[in-house]
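Me: I have a structure open and want to get my bearings. Can we go through it bit by bit?

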Amino acid sequence: GSLPGHDDVEAALDAAYERFRDLDDGVVVEDVPALADADPDLFGVALVDTAGAEHVRGDARHRFTIQSISKAFVYALVCQEIGHDAVLERVGVDNTGVPFDSVLAIEHDEGHPMNPMVNAGAIAATGLAPGESRAERWDFLVRGLSRFAGRDLAVDDAVYRSESQANQRNEGLALLLEGHGRLSGDALGVVDAYTRQCSLLVDARDLAVMGVTLANGGVNPLTREQVVDAPIARDTVSVLTSTGMYERSGEWLFEVGVPAKSGISGGIVMVSPGKGAVGTFSPRLDDAGNSVRGRRACSHLARSLGLDLFASR
Ligand code: GLN
C-alpha cells in the first residue's frame with residue numbers, strides 16, 4: 001500500500017500536532033547541562049514521503065542535537081562500508097532490555113555488544129568507520145550523515161564540549177570493549193567521534209528526510225542520491241524495529257507498530273518502509289528517555305495513516 005492522499009495526510013498531521021501540543025508529561029534530560037536548557041514546550045512534527053512530498057507542523061525547523069538517533073544512520077553507513085556479515089560479527093541485533101548506557105550490553109556475550117542502538121554497540125559501530133586518521137574517520141561519519149539529511153550537518157560545540165567533559169561512562173564502555181578485543185581504533189578517539197556524531201544539529205524535518213532515505217531503499221528522495229544500498233537500508237530498519245526505542249522497543253512495537261529511533265534531546269524518527277518517515281521533536285521524556293509527545297504523535301500518525309506493520313487492514 002501507499003500513504004493516503006495529500007489532504008488526508010495534512011489532516012492527520014494537524015490532529016497529531018494539535019492533540020498533543022499541550023501534553024506536559026515527562027521531563028527534559030538533566031544529565032547533560034547543555035541539553036537541560038532546552039525549552040520544554042517546543043514541539044515539531046514533520047513527515048516526508050518516498051516521493052519527496054513534505055509536511056511540517058509547529059517547531060519542525062527548530063534545531064537540536066541528534067543524539068542517539070545518529071546511531072541508526074552510522075550503523076547503516078558502516079554496514080554499507082564493510083558489509084552485513086562483518087558488522088554482525090562486531091555488533092549484535094538483539095534488545096538488551098536495560099537502559100541505553102548499561103554495561104550489560106557488553107557483558108552478555110564475551111564482550112560482543114548486543115545491538116548498535118545502545119551506547120556500547122553504537123560506540124563499536126562508530127569504531128568501524130574507515131579512515132587512516134581521526135580526521136578522516138570523522139569526515140566519513142559527518143559526510144555520510146549529511147547525505148542522509150541532504151544538507152551539510154554541523155556540530156553544536158556547546159553540547160559537544162558539555163558531553164565530552166562528563167563522558168566517563170561512554171569512555172568506560174569503550175575501554176571495556178577494547179579490553180575484550182571488540183573495538184577497532186583507539187577507544188578514546190572512537191568515543192570522541194561518537195560524541196561528535198551525537199552533537200550534530202538537526203530539526204524534525206531533517207529527521208524525516210533521513211528516515212525516508214531508509215524507507216526508500218537508501219535513496220534520499222530530495223537529492224535523489226543513493227546513500228546506502230537497499231539491502232542495507234532494510235537491515236537498518238530491521239534493527240530499529242527490535243532495538244530503536246531502548247528497553248521500550250517491545251512496548252513501542254505493540255502500541256505503535258512502526259520502526260523508530262529516539263534520542264535524549266527529544267527527537268524521534270519513525271520509518272515506514274516504502275511509504276515515508278516521520279520526524280518529531282519535543283524535549284519532555286519518559287523514564288526510558290523517549291519523547292512523550294513524540295510518542296503520542298507517532299502513535300496517532302501510525303494509526304491514521306495506516307503505517308502499523310502488523311495491522312492487516
Ligand atoms: N550522547 C548521549 C550519550 O551517549 C546520547 C544518548 C541518547 O540519546 N540516548 O549518552
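Me: Which residues surround the ligand?
Reply: Bear in mind that this is a predicted model. The ligand is surrounded by Gln67, Ser68, Phe100, Asp101, Asn119, Glu163, Asn170, Cys198, Gly263, Ile264 and Gly289.

Me: How many of the shell residues are nonpolar, polar and charged?
Reply: Three are nonpolar, six are polar and two are charged.

Me: And where does the ligand lie relative to domain 1 and domain 2?
Reply: Between them. Domain 1 (6-64 + 202-304) and domain 2 (69-198) both give residues to the shell, so the ligand lies between the two.

Me: New topic: helix α7. What span should its 16 residues have?
Reply: Helix α7 covers residues 134-149. At 1.5 Å a residue, it should span 22 Å. Its end C-alpha atoms are 23 Å apart, which agrees.

Me: Which residues of α7 are buried?
Reply: Arg137, Leu141, Gly144, Leu145, Arg147, Phe148 and Ala149.

Me: What follows α7?
Reply: Gly150 does, and its phi is positive, near 75 degrees.

Me: Now the strands. In which sense do β1 and β2 pair, parallel or antiparallel?
Reply: Antiparallel, over five bridges. β1 is residues 44-49 and β2 is residues 54-58.

Me: Which residue of β2 is the bridge partner of Leu47?
Reply: His55.

Me: And what sits between the strands of that hairpin?
Reply: Four residues. In this hairpin, Gly52 takes a positive phi near 95 degrees.

Conventions. Residues are numbered from 1 along each chain as its sequence is written. This is a predicted model: local features need pLDDT of at least 70, side-chain atom pairs count only at pLDDT 80 or more; totals for chains, interfaces and linings use all residues. Helices (H or I, at least four residues) and strands (E, at least two) are DSSP runs, numbered from the N terminus. The expected span of a helix is 1.5 Å times one less than its number of residues. A residue is buried if 20 or more other C-beta atoms lie within 10 Å of its own, exposed if 12 or fewer, and partly exposed in between; C-beta atoms are placed from the backbone. A residue is near a molecule or strand if its C-beta atom, placed from the backbone, lies within 6 Å of it. Ala, Val, Leu, Ile, Met, Phe, Trp, Tyr, Cys and Pro count as nonpolar, Asp, Glu, Lys and Arg as charged, and the others, Gly among them, as polar. Domain bounds come from an automatic or database domain assignment. Two strands pair if DSSP finds at least two bridges between them.
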